[in-house]
Amino acid sequence: GWIIDSTYRRHHFARRMEEADQILLLRFGRLNCLYRAWKRYRTYKGKSRPSMTVGCDEKFDWEFVRWILWEGRTSHDPVFDEVQKTYGNKVILIRNQRQLDAYYRSQGLNYHG
């Protein structure tokens, strides 16, 4: 019953991977991520999203765009490769919304992201 974002790789990463029932690797394209961030910003501009701490308002500035397109991602992430190699039997690689929707349906979940 819990989800952990890979942003926290430095905090007991191996233990969390070992204990996980499933590991979803989301590898959406950069432009898709940029579009989704812009769409979120339009929806929540000047306020906090329900999934965020109060007072942490949605932002969309050049620093964030730069992070999405270049600095925060690489086209090849060696950590993803290692996770797939080590925990392949429980890794699910998802590259787009269609695959994510299919995963949700396979789990009996109803989510529209």
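Me: Which residues line the second largest pocket?

Reply: Keep in mind that this is a predicted model. Here the lining is made up of Arg40, Arg49, Ser51, Met52, Thr53, Cys56, Asp57, Glu58, Lys59 and Phe64.

Me: What volume does the second largest pocket have, and how does its lining split by class?

Reply: Its volume is about 260 Å³. By class, you get 5 charged, 3 nonpolar and 2 polar residues in the lining.

Me: Okay, now helices. How do I read a pair of them?

Reply: Two packed helices are described by the angle between their axes and the distance between the axes.

Me: Is the crossing of H2 and H3 left-handed or right-handed?

Reply: H2 passes H3 in a right-handed crossing.

Me: Which residues make the contact?

Reply: From H2 there are Arg30, Leu31, Cys33, Leu34, Ala37 and Arg40, and from H3 there are Phe64, Val65, Ile68, Leu69 and Trp70. Sorted by class, that contact has 9 nonpolar residues, 2 charged and no polar ones. You've met Arg40 and Phe64 already, as both also line the second largest pocket.

Methods. Residues are numbered from 1 along each chain as its sequence is written. This is a predicted model: local features need pLDDT of at least 70, side-chain atom pairs count only at pLDDT 80 or more; totals for chains, interfaces and linings use all residues. Side-chain values use heavy atoms; hydrogens and water are left out. A crossing is left-handed if the near helix is turned anticlockwise from the far one by less than a right angle, and right-handed if clockwise. Helices (H or I, at least four residues) and strands (E, at least two) are DSSP runs, numbered from the N terminus. Contact means heavy atoms within 4.5 Å. Ala, Val, Leu, Ile, Met, Phe, Trp, Tyr, Cys and Pro count as nonpolar, Asp, Glu, Lys and Arg as charged, and the others, Gly among them, as polar. On a 1 Å grid over the protein atoms alone, a cavity is a set of points where a 1.4 Å probe fits but cannot get out, and a pocket is an open set with protein on both sides within 12 Å along at least five of seven lines; lining residues have an atom within 4 Å of a point. Grid points are joined across faces, edges and corners, and a volume is the space filled by probe spheres set on the points.
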